[in-house]
Amino acid sequence: MTLTIGIDLGTSGVKAVILQDAETVLADAAQPIAVSIPYVGWSEQDAEDWVTAVWSCLDRLAASAPREMAAVSAIGLSGQMLCALLLDKSHKPLRPAILWNDQRSITECAELLQRCPDIGQRTNGTPDPGITAPKLLWLAKHEPQVMRDARMLLLTKDYVRLALTGEVASEPTDAGGTQLMDCRTGQWDHQLCEIAGWNPDHLPPLTQAWQAAGGLRPQLAARWGMKPGIPVAAGAGDNMASTLGAGAARPGDAVLTIGTSGVACIVDATFHPGPQRAILTSAHAAPDTFLSMGVVMSATAALDWTARLSATTAAALAGEAEAMDTRKTDAAPVFLPCLTGIRTPANRPQATGRLEGLHPGVDRAMMGYATMEGVAFQFADCITAQREVGAIPQRFIAVGGGTRSALWTALIATAIGESVALPARSDIGGPAGAARLAAVAAGASPDVLAAPLPMRATIDPDPALAARLAPRKARFDALVESARRG
């Protein structure tokens, strides 16, 4: 029996789980984290808040499951990707981290593409303000002193691992989101660093996601009743970890993550870049694989927004939409909920939401339905684009908070025209994937990364629903075209 801890650092909070044999959850804990929005389009977090939240989760695990904590053999990390966190020579943050959904560096994206026209074929995709390199160009213009003092660039999970172990490191899945790494080779690229104005000496060494990248500090081990020096795996970006957490490590496996954002992840044996369709492609956290990612910028975040406008909660709104008479769906508005821009396939980060078909009979249940439907249509557009560039899905699994809604999963399965399986614990994909990486770092075979999970249900496409969606998808496509034109 092997016990490992998986920690997932999401945009809105941290989850930590103790897993037995990389499958059975023995204990879990969660802690929210605030996002700062100093100006419209900005999104930042204090890196120390990540550490504080992780410590809080581990404190609670130690209190609730001391015997299991003492038996843990390794720790793995998953984290939100694409941030820019700059550290000084003492490895202290120079400013808050700029997050993946920050939009301030739109101008710098065009500059980066002009400097390196083939960057989308060498890195994870077309320059986007969410990606790290454009943020560095923005900082050079607007906060030059920070750039002058910077001596290290770290990503979210890598900063927490530094706090856990004292070691600086990263790995290809997360590093692939910086546009400073050649994704085909999995190595830092000095030319790309020069183009982005970053010194390659100020980048962490790279190891594989499933390998140890330091040991737990003795004082922290004593705090949590754990063995000192146990390996802390290099870990993975959240999309890769969630994919692993669903047991998807073989080419053809596809995982739909319905979280704050939505991501269609397809495991691929070959590097199939798709910059022309705003697809992100990086190394996967399993040996000899890549991950093709189509991104829906606002998924559960869109439903949260609609719920706030309706003076209710997202869960209540989803329930009202599910209880709504299906005959009302034809009269519901059609909504393109791109509240923080469009990535796949239109690549319009400055796009705003589009709503068509309002009338006096529209109620909040209809708005909730329209929001979930719009996200489902965006997932379908992602899958279509990924097929076009050669990433071919064969088996679909859905994870994330959105899977709690039977209606939402039915809409997505029907929109993409594929059956979608739901794991028994679909809410812990990130930490479960991190725990699997920890198991390998502790000595387990890499085969554990592809071990199947028990499923609680399979959602098949609904022909009657498909017939109702077809004319609404045509109206939705018109909204996408409007957003594409600006």
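Predicted model: local features only at pLDDT ≥ 70, side-chain atom pairs only at ≥ 80, totals over all residues.
Okay, let's start with helix α5: its buried residues are Thr132, Ala133, Pro134, Lys135, Leu136, Leu137, Trp138 and Leu139. That makes eight of the 11 residues in this helix, residues 132-142, so α5 is largely enclosed by the rest of the structure. What do the buried residues of α5 pack against? The partners are strands β6 (85-87), β7 (97-98) and β8 (152-154), along with helices α3 (106-115), α6 (144-149) and α9 (190-196).

Next, a strand. β14 covers residues 253-258, and six of the six are buried, so this strand too is largely enclosed by the rest of the structure. Which strands does β14 pair with? With β20 (residues 395-399) the pairing is parallel, over five bridges, and Leu256 stands opposite Ala398 there. With β15 (residues 262-268) there are five bridges again, but the strands run antiparallel. Ala254 has Ile266 as its bridge partner in β15, and a hairpin of three residues connects β14 to β15.

There's another hairpin to show you. Strands β16 (residues 280-283) and β17 (residues 290-296) pair antiparallel over four bridges, with Ser282 partnered by Leu291. Six residues lie between these strands, and in this hairpin Asp288 takes a positive phi near 60 degrees.

In general, for soluble globular proteins, nonpolar side chains tend to be buried together. The largest nonpolar core here has 80 residues, and the members touching the most other members are Trp50, Leu164, Trp224 and Met226. Which helix gives the most to this core? That would be α1, residues 47-64, with 10 residues. Zoom in on Trp224: setting aside neighbours within four places in sequence, this residue is in contact with Trp55, Leu58, Asp59, Ala62, Met69, Leu164 and Leu216. Then there's a second, separate core of 51 residues, and Met324, Ile383, Leu465 and Ala483 are among its members.

Two of those names, Leu465 and Ala483, take us to helix α17, where both are on the list of buried residues, together with Leu469, Arg472, Lys473, Phe476, Leu479 and Val480. An α-helix has 3.6 residues a turn, so residues three or four places apart point the same way. The buried residues of α17 pack against strands β18 (334-336) and β19 (354-356), and against helices α14 (364-389) and α15 (406-416).

How about the geometry of α17? There are 23 residues, 463-485, and at 1.5 Å a residue they should span 33 Å; the end C-alpha atoms are 33 Å apart, so the two agree. Still, α17 bends by about 35 degrees at Ala470, with a proline, Pro471, following within four residues. At the start of the helix, a side-chain oxygen of Asp462 comes to within 3.0 Å of the backbone nitrogen of Ala464. Just past the other end, Gly486 takes a positive phi of about 85 degrees.

Glu171 lies in the loop between α7 (156-165) and α8 (172-175). Is Glu171 buried or exposed? Buried, because its relative accessibility is 0%, and the cut-off for buried is under 20%. Its side chain has a polar contact of 2.9 Å with the side chain of Lys157, and another, 2.6 Å, with the side chain of Thr173. Beyond its sequence neighbours up to four places away, Glu171 touches several residues, including Leu206, Gln208, Ala234 and Gly237.

The second one is Arg343, in the loop between β18 and β19. At 5% relative accessible area, Arg343 is buried as well. Which side chain does the Arg343 side chain make a polar contact with? Asp128, at 2.6 Å.

Last stop, for contrast: Ala315, in helix α13 (residues 314-323). With 62% relative accessibility, Ala315 counts as exposed. Its C-alpha atom is separated by 8.7 Å from that of Arg404, which is 89 residues away along the chain.

Conventions:
Residues numbered from 1 in each chain as written. Heavy atoms only, no water. Helix = DSSP H or I, 4+ residues; strand = E, 2+ residues; numbered from the N terminus. Expected span 1.5 Å × (residues − 1). Bend = angle between axes of the 7 residues up to and from the residue. Buried < 20%, exposed > 50% of the residue type's maximum accessible area, 1.4 Å probe, protein only. Contact = heavy atoms within 4.5 Å. Polar contact = N/O pair within 3.5 Å; in protein donor to acceptor, adjacent residues only side chain to side chain. Core = buried A, V, L, I, M, F, W, Y, C linked by side-chain atoms within 4.5 Å. Pairing = 2+ DSSP bridges.
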